[in-house]
Amino acid sequence: MAVIARHTWAAKQGRDALQVDWELGEGAKLSTESQRAEWRRLAQQPGVVAADRGDAAAALRGAAKRFDVEYELPYLAHACMEPLNCVVQVRDGRCEIWVGTQNQSQDIMLVARELGIDPTAITLHTQFLGGGFGRRASNTSDFTVEAAHVANGVGKPVKTVWTREDDMRGGYYRPHSISRVRGGVDAAGRPVAYLHTAVGKPVIAQSQFAAIVTRLGFDPTSAEGSADMPYVIDNVRVDLHQTNEVVPILWWRSVGHSINGFVANSAIDELAALGERDPVELRRELLAGKPRHLAVLDKAVTAAGYGQPLPTGHFHGVALHESFGSIVAQVAEVSVDGGDVRVHRVTCAVDCGLAINPDQVVAQMQSGIIYGLTAALYGEITLVDGVPQQANFDTYPALRLSESPAIDVHIVNSEGPLGGIGEPGTPPIAAAVCGAIYAATGRRIRRLPIRAALRT
């Protein structure tokens, strides 16, 4: 159903005036509260194995000290600054598209199928994204195909615009995830076991890459960042329960690493506390023999002044994560006042091989940190009777300028292969901030977003 008007505001008013009785599907029964309870039970059972090294179960039984905890990360919207939009003209058997997109080839193929024309009859002009983060690479090319469908029916050039409420309540989300993590240390405080059981909907299974899931038996993006974490522990088991709720999901900046970067680094902090070790020193021990990782970690902690006196009420937390071929360490300087958390400074070190454009590397690290910090502090989509409760920035806040930390980025050039830079800045920040909160308060944050967790 589409409303055609001379300009966006008139079309929106016309759309808002419609009274439509929709036939509700099975999603109308879904709530995140009931889903949470079901998934917590599921996390207590073994899943499909994604990584199995040594004998994690036996090592855990023989550990001098153990922990058994649960982490939860919510559905997240992409919340691009520029709402979804597309211009299409269909004329004389040809189609011309102007769109900010992350997946031009798929857009052309799916529009061609919608219009019943050959892909060679389509010209696509790539515009600036206005924010993407995975949303403009949807598996269905939804807003582009929609624009083509309407333009073809109207017989004139059409610009389609989704309001922010349209996208936040009817778009795609990062998956909801619940993880049970168990770990143990020996009498000397050295980690001997890491077991991670994750529950959530697989992203790749919903995409054109679904054959990977069939071949492996699991979605590798659900395990990435945990099954292949850089920290060396002799006995590791990572297994998955892949759910199939009707909530539409999609890649979100750093994909599975955005979840498991928090889980794995938080678990390392838990192991450090269990063994009465400093979190940085334990990381150095677990990264022994990995000079690139150690150089990044050392650069971040040295530049941050880790271990040196801080202003009264300020505390440090640290995280290191490898994703998309790049290694990133972050130290967050944080203060806590009751339920209020303030991140004052983030010191970041990155090794992406050779930094060909250093200014771009710095910009992407800053961007990834702000994006990840926004999600860590505030981000959450909740469902009640199938309806998303958040619709715009009043209920789904973004980090304001007044809240944003100073960010220092240090590039550690190496002879390693070239890595990605658009996504690796996001995964470590939540764990670094939560590590600092623990240092400040003695309280572990295992369920995001942070501010909601602190106020419960």
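Glu 276 is found in the loop between α9 (257–274) and α10 (279–286), where helices (H or I, at least four residues) and strands (E, at least two) are DSSP runs numbered from the N terminus. The model is predicted, and local features are therefore reported at pLDDT of at least 70 and side-chain atom pairs at pLDDT 80 or more, whereas totals for chains, interfaces and linings use all residues. Residues are numbered from 1 along each chain as its sequence is written, and side-chain values use heavy atoms, with hydrogens and water left out.

The phi angle of Glu 276 is near 55 degrees, a positive value in a residue other than glycine. Glu 276 is exposed, with a relative accessible area of 68%; exposed means over 50% relative accessible area, buried under 20%, and partly exposed in between (1.4 Å probe, protein chains only). Asp 92 also has phi near 55 degrees, again positive in a residue other than glycine. Asp 92 is placed in the loop between β3 (85–91) and β4 (94–99), and its relative accessibility of 74% makes it exposed. A further backbone feature is the peptide bond from Leu 448 to Pro 449, which is cis, with omega near 5 degrees. Pro 449 belongs to the loop between α13 (429–441) and α14 (450–454). Most residues other than glycine have a negative phi, and most peptide bonds are trans.

Helix α10 has a cap at its N-terminal end: a side-chain oxygen of Asp 278 lies 2.9 Å from the backbone nitrogen of Val 280. Within α10, the residues Val 280, Leu 282, Arg 283 and Leu 286 are buried. Viewed down the axis of α10, these buried residues fall within an arc of 160 degrees, so they line one face of the helix; the arc is that of the directions from the helix axis to the C-beta atoms. The cover over the buried residues of α10 includes β8 (191–200), α9, α11 (291–304) and β10 (315–323).

The largest nonpolar core holds 79 residues, of which Tyr 194, Phe 262, Val 433 and Ile 450 touch the most other members. Such a core is a set of buried Ala, Val, Leu, Ile, Met, Phe, Trp, Tyr and Cys residues joined through side-chain atoms within 4.5 Å. Helix α9 gives this core its largest share, nine residues. A second, separate core has 27 residues, including Leu 30, Ala 79, Ile 249 and Tyr 371. In soluble globular proteins, nonpolar side chains tend to be buried together. When its neighbours within four places in sequence are left aside, Phe 262 is in contact (heavy atoms within 4.5 Å) with residues that include Tyr 71, Leu 73, Pro 427, Cys 434 and Leu 448.

Grid points are joined across faces, edges and corners, and a volume is the space filled by probe spheres set on the points. At least two lining residues come from each of β8, α8 (220–223), β9 (236–242) and α9. The largest pocket contains about 1400 Å³ of space. It is lined by 33 residues, with Met 1, Arg 15, Glu 146, Val 161 and Asp 166 nearest its centre.

Thr 221 is found in helix α8 and is buried, with a relative accessible area of 10%. Its side chain is joined to that of Asp 219 by a polar contact of 2.8 Å. A polar contact is a pair of N or O atoms within 3.5 Å; within protein, one must be able to donate a hydrogen and the other to accept it, and residues adjacent in sequence count only if both atoms are side-chain atoms. Gln 35, in helix α2 (residues 32–42), is buried at 3% relative accessibility. A polar contact of 3.0 Å joins the side chains of Gln 35 and Tyr 75.

Terms used. On a 1 Å grid over the protein atoms alone, a cavity is a set of points where a 1.4 Å probe fits but cannot get out, and a pocket is an open set with protein on both sides within 12 Å along at least five of seven lines; lining residues have an atom within 4 Å of a point.
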